[in-house]
Amino acid sequence: MMKVLLLSVLICCGLTACARTNGIALDGREGAEAQLQVDNANMASRLKLTQVQQQRRDGRLQVAIRLKSQIAYDQSLQYRIDWFDENGMPVEPDSTSWQPLLLHGGEQKVIQASALLPHAAAFHFSVCDVVQD
C-alpha cells in the first residue's frame with residue numbers, strides 16, 4: 001500500500017512539473033484573439049509572442065505564431081502546442097512534444113501548426129528556455 005501511495009505522489013508531482021511552462025504561452029480559441037500567459041517575466045522581456053493567423057483548412061484548425069527576440073544574443077528555446085475541443089478537453093494529448101528552437105538576437109520566426117483532428121477548436125502554445133544539465 002505504501003509503495004502505491006509513494007508512486008501516486010511521484011506521478012502527481014511529475015505531472016504538475018510538466019503542466020507549467022515556466023515561460024510564456026498563448027491560449028487561443030477559434031474565432032477569438034489569443035491571450036498571452038506569462039509564467040516567467042524575464043522571458044517575457046526577452047521574447048515577444050503574437051498570433052499571426054488562424055484558419056480552418058481541410059476542416060482542421062491551423063495557427064501561426066510569431067516569436068520575436070527582444071535581445072541581442074541567441075536564445076535556446078523549446079516550444080509545443082496542445083490542442084483542445086470546444087469544451088476545453090484535450091485533443092491528441094500525447095501527439096506533441098517539445099521542439100527545439102534557436103532564436104538569434106533580434107530574429108523573428110513564425111511557427112505554423114495544424115491540428116490533426118477536425119474537432120480541435122482551441123490551442124495552447126508554450127515556449128520556455130532549454131534547461132542545460
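**Labels and their grounds**

Tutor: Outside the four places on either side of it in sequence, Leu49 contacts Ile24, Ala25, Leu26, Leu36, Ile65, Arg66, Leu67, Phe125 and Val127. The model is predicted.

Student: How many residues does the largest nonpolar core have, and which have the most contacts inside it?
Tutor: The core has 24 residues, and those with the most contacts inside it are Leu47, Leu49, Leu67, Trp83, Phe123, Phe125 and Val127. At least two core residues come from each of β1 (24–29), β3, β4, β5, β7 (99–103), β8 and β9.

Student: Why is Phe125 called buried?
Tutor: The label needs a relative accessible area under 20%. Phe125 has 2%, so Phe125 is buried. Tyr79, with 17%, is therefore buried by that cut-off too.

Student: Which kind of aromatic pair do Tyr79 and Phe125 form, and what makes it that kind?
Tutor: Ring centres must lie within 6.5 Å to pair, and planes under 30 degrees apart count as stacked. For Tyr79 and Phe125 the centres are 5.6 Å apart and the planes make an angle of 25°, so the pair is stacked. Tyr79 lies in strand β5 (residues 75–84) and Phe125 in strand β9 (residues 122–129), 46 residues apart, so the pair links distant parts of the chain.

Student: How do you know that β5 and β9 pair?
Tutor: Pairing takes at least two bridges. β5 and β9 are joined by 8 and run antiparallel; within this pairing Tyr79 stands opposite Val127. β5 also pairs antiparallel with β7 over 5 bridges, where Ser76 has Leu102 as its bridge partner.

Student: Why is β5 described as largely enclosed?
Tutor: Of its 10 residues, 7 are buried, so β5 is largely enclosed by the rest of the structure.

Student: What makes β3 and β8 edge strands?
Tutor: The open sheet has the order β3-β4-β8 with antiparallel pairing. β3 (47–57) and β8 (108–114) each pair on one side only.

How values were computed
Residues are numbered from 1 along each chain as its sequence is written. This is a predicted model: local features need pLDDT of at least 70, side-chain atom pairs count only at pLDDT 80 or more; totals for chains, interfaces and linings use all residues. Side-chain values use heavy atoms; hydrogens and water are left out. Helices (H or I, at least four residues) and strands (E, at least two) are DSSP runs, numbered from the N terminus. Rings of Phe, Tyr and Trp (its six-membered ring) pair if their centres lie within 6.5 Å; planes under 30 degrees apart count as stacked, over 60 as edge-to-face and the rest as tilted. Buried means under 20% relative accessible area, exposed over 50%, partly exposed in between (1.4 Å probe, protein chains only). A nonpolar core is a set of buried Ala, Val, Leu, Ile, Met, Phe, Trp, Tyr and Cys residues joined through side-chain atoms within 4.5 Å. Contact means heavy atoms within 4.5 Å.
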